[in-house]
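Welcome! Here is a friendly walk through one protein model, taken topic by topic. Keep the structure open beside you as you read.

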Amino acid sequence: MLDWLFLQEQLLRGEMLTDEQSLFLADVDDTAALVGMASVLRDQGHQNVITYSRKVFIPLTHLCRDVCHYCTFARTPKKIPQPYMPVEDVLELCHQGASMGCQEALFTLGEKPELRYNAARRALEELGFSSTLDYVKEVARRVLAETGLLPHINAGCMDADEIAGLRQVSASMGIMLESASQRLCEKGMPHYGSPDKEPSRRLQTLELAGQAAVPFTSGILIGIGETRRERIESLLALRQINERHGHLQEVIIQNFRAKAGTLMSSAPEPDLNELLWTIAVSRLIFGAQMNIQAPPNLSPGVLPQLVAAGINDWGGVSPITPDYVNPEAPWPHLERLANETDAAGKFLEQRLTIYPAYAVHGERWLDERVRTSVLRLSDAAGFARRDSWVPGEEHAVPAIEVKLLAADVKADAVSSDVRDIVARCTKTSELSEVDVTRLFNARGADFSYVVARADQLRKDVNGDAVSYVVNRNINYTNVCYFKCQFCAFSKGKQSENLRGRPYDISAEDIADRCSEAWSRGATEVCMQGGIHPDYTGQTYLDIVNTVRSATPEMHIHAFSPLEVWQGAATLGVSVSVFLQRLRDQGLNTLPGTAAEILHDEVRANLCPDKLNTEQWLEVMAASHDAGLRTTATIMYGHIDRPRHWASHLLHIRSLQQRTGGFTEFVPLPFVHMEAPMYLKGNARRGPSFREAILMHAVARLVLNGLIENIQASWVKMGKAGVAACLSAGVNDLGGSLMNESITRAAGSGHGQEWVPELMEAQIRAAGRQPRMRTTLYGDVAPERRHAAFNAAPLAEVRGASAGKKQRSKRLSVVDSSLGVADTLTVKWMHEAQDRTVYESVMLMAACN
């Protein structure tokens, strides 16, 4: 004997109902109890988010061979101006939709009208196509290629070849099962005379779509004469197919609306209780993770109740086209939909036609011809990028984030798990990857809460001071034999796309730039470069020697972990020994760059020939053990996901707990414009604005009590981005730079220098107090500050073209007693193994 209380306990344990248990629900009349359990399950799977897709509705043809008794979409040839919508009209409509933020092109059409109407066959012949689906494929191809919208195709029953063809030009497809009841196809019932509504045919299409790995939508239509048990049997038929293939991305619960001019115009519509009962039962049958949808335009005025019943999606909503299937029911205005969703305690988030769980696994679910478009329209979690903001370009803060950043969120409006994780961060308790990933997935009120708590921590730790350092950035070469897929800076012999000439500057150039920087108030020189094939560990030692000779008091902040690793290897010594040599020569600190994403799953594609995660951490640990403090960075927003970011932060956290050697954490958003992997269609367009803000805020929370300084990169975030970051846990803006090559090579337009006047103006505009600092966060001498605020304009920088061999990185030898200034370089000096040989060389130079 089945018991409802027993089933509730089973569902709360995360166990799926059996078919028998599901059918038992047909006799459970307690809608309130079903709704309560469904709401709990929905929150387990989707937290506080309700999604929708912003779409353009394209009625490609109203002709249909079926005669469903409730439908006004299908019409006869005499009642329409043309059998098929011309492709030019489709493209114009999609361009208009794209300008209004639409990302989905919903193709809706009747079932194979050419099998019934001569008019359809003639029209197809004139267009040059043999079938309606051939025409659909061509129009969808052009929409994808020319407008950027992602086609979703509802083409009815299809065979395997037809599905395979449409998969090449669409991100998802669908077919409403409506009902698996054969009874509804009998004479006098709504599907009588409609061969394509035969349940076995529709279920076969769903099966073939699963075999073809097509993200698919389906659902049931309630109130057309079916019983509650038949609804559950229909849902179970869908679940069984999905259990085999996992391709059913949403289940739609659509309530019948009577329409004038149809055979069912006077049929009763299902009441609200029936709709809520069905939504709740659907959630219980499919579990926490399935996307359950109810169209909002079919139930105006009761949307919060639909949310409470267990839905997590409103379906497609168009700001430009009507619902051609239900023309009597206009779409709700998106602002109103957001407000009603908010009234239900949820946040309205935009998705693509392909749901997030499928978008993030595009290699399985998408044809390679569609995958790039999905990447460019999606964020790291697979939701839609709903604004045009990208790192490296100056854009206003997106309107939704402006609202969320300013929101005064009450704790009871925030998901309980988010409150718990944040509380553990403030207490510096242990955190799991799941915990940190959850923070990165915060949206709506959860997002506002995470950001606000991060900024409160910043205030507790740093007060209102915002620090920066006057420094000069020197990238001594862009020649590099590594093939990092994100890098637009490096140039090599086998470079796939040379975006500028290779250069390799001399020791004299380095010295001149350091001297000029010192005269302009700099306290630090930051130096990194490509991994030149001729560079050895001695090269890096020579660079330090040159800087120390030219500017004895300059703080030398130089060499990525990759350069350290390569330098040690070329000298045949351990990393620790090489670091000690660098320190003895005059190196002060190291930048913790080349970290990218500290997760080897990502690194295998992003930078396969670079250091792996363990090696990067090894260099950092060795640096700290040698007394050399470092920064820590993350370069995010390309092929990575929130769980990778979580892993990265936890690696940094763990090492800092052991060594305490990191001075600051620096998020570096991926600048996509000229990056090879983006140009090949294999990366997103950098992080969304929401993700960029969260990266700084979550870092502040996760690293609380361990790393006091969270830095925003002005060269990547821009003025508006920096201002927002200063309200999200950031207390430092890094260096003034004077020169910047790497981000500019990737396409950034934020300039090369923020002079102290600009830096401090930006900080004060945010209501904070500027503080010029040293590399190690000490106070600068008054003389340095005076020099920085009275600096002469920068001299033009000209990088020397790279030759066949590297240029010397040690200053030429000058012997004033002999009256000569010779071009003897460090290479010759190190070839002279003893003083006698060196003196002989000097004597030869004097004689010449």
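This is a predicted model: local features need pLDDT of at least 70, side-chain atom pairs count only at pLDDT 80 or more; totals for chains, interfaces and linings use all residues.

We begin with the nonpolar cores, move on to a pocket, and then look at residues one by one.

**The nonpolar cores**

- In soluble globular proteins, nonpolar side chains tend to be buried together.
- The largest nonpolar core here has 124 residues, and Val450, Met527, Phe559 and Leu733 are the ones that touch the most other members.
- Helix 28 makes the biggest contribution to this core, giving 10 residues.
- There is also a second, separate core of 92 residues, and Tyr84, Val139, Leu206 and Val317 are among its members.
- Which residues does valine 450 touch, if we do not count those up to four places away in sequence? The list is Val418, Val422, Leu439, Ala442, Leu694, Ala697, Val698 and Leu701.

**The second largest pocket**

- Rolling a probe the size of a water molecule over the atoms shows where empty space is left.
- The second largest pocket holds about 700 Å³ of space.
- Its lining is made up of 25 residues, and those nearest the centre of the pocket are Ala338, Phe347, Leu348, Ile400 and Lys403.
- Two or more lining residues come from each of strand 1 (49–61), helix 12 (334–343), strand 9 (347–351), helix 16 (399–406) and helix 19 (445–462).
- Helix 12 supplies the largest share of the lining, with five residues.
- What kinds of residue line this pocket? The lining divides into 12 nonpolar, seven polar and six charged residues.

**Helix 18, an enclosed helix**

- Helix 18 covers residues 433–440, and because six of its eight residues are buried, it is largely enclosed by the rest of the structure.
- The buried residues of this helix are Asp435, Val436, Thr437, Arg438, Leu439 and Phe440.
- They pack against helix 17 (416–426), helix 19, helix 26 (642–659) and helix 28 (689–702).

**Two residues with positive phi**

- Threonine 428 has a phi near 55 degrees, which is a positive value in a residue other than glycine.
- You can find threonine 428 in the loop between helix 17 and helix 18.
- Phenylalanine 559 is not a glycine either, yet its phi is positive, at about 80 degrees.
- Phenylalanine 559 sits in the loop between strand 13 (555–558) and helix 22 (561–571).
- With a relative accessible area of 1%, phenylalanine 559 is buried, and it is one of the residues that touch the most other members of the largest nonpolar core.

- Asparagine 709 belongs to strand 17 (residues 709–710).
- Why does asparagine 709 count as buried? Its relative accessible area is 8%, and buried means under 20%.
- The side chains of asparagine 709 and asparagine 731 are joined by a polar contact of 2.9 Å.
- A polar atom of the asparagine 709 side chain also lies 3.1 Å from the backbone oxygen of threonine 663.

- Isoleucine 354 is placed in the loop between strand 9 and helix 13 (356–359), and its relative accessibility is 0%, so it counts as buried.
- The C-alpha atoms of isoleucine 354 and serine 53 are 9.2 Å apart in space, while these two residues are 301 residues apart in sequence.
- Histidine 247 lies in the loop between helix 9 (228–245) and strand 6 (248–255), and at 1% relative accessibility it counts as buried.
- Beyond four places in sequence, the contacts of histidine 247 include Leu206, Val214, Phe216, Tyr358 and Trp365.
- Valine 722 is part of helix 29 (residues 714–725), where it is buried with a relative accessible area of 2%.
- Glutamine 762 is 40 residues from valine 722 along the chain, and their C-alpha atoms are separated by 8.5 Å.
- Setting aside residues up to four places away, valine 722 touches Trp714, Met717, Leu733 and Trp754.

Notes: Residues are numbered from 1 along each chain as its sequence is written. Side-chain values use heavy atoms; hydrogens and water are left out. On a 1 Å grid over the protein atoms alone, a cavity is a set of points where a 1.4 Å probe fits but cannot get out, and a pocket is an open set with protein on both sides within 12 Å along at least five of seven lines; lining residues have an atom within 4 Å of a point. Grid points are joined across faces, edges and corners, and a volume is the space filled by probe spheres set on the points. Helices (H or I, at least four residues) and strands (E, at least two) are DSSP runs, numbered from the N terminus. Ala, Val, Leu, Ile, Met, Phe, Trp, Tyr, Cys and Pro count as nonpolar, Asp, Glu, Lys and Arg as charged, and the others, Gly among them, as polar. Buried means under 20% relative accessible area, exposed over 50%, partly exposed in between (1.4 Å probe, protein chains only). A polar contact is a pair of N or O atoms within 3.5 Å; within protein, one must be able to donate a hydrogen and the other to accept it, and residues adjacent in sequence count only if both atoms are side-chain atoms. Contact means heavy atoms within 4.5 Å. A nonpolar core is a set of buried Ala, Val, Leu, Ile, Met, Phe, Trp, Tyr and Cys residues joined through side-chain atoms within 4.5 Å.
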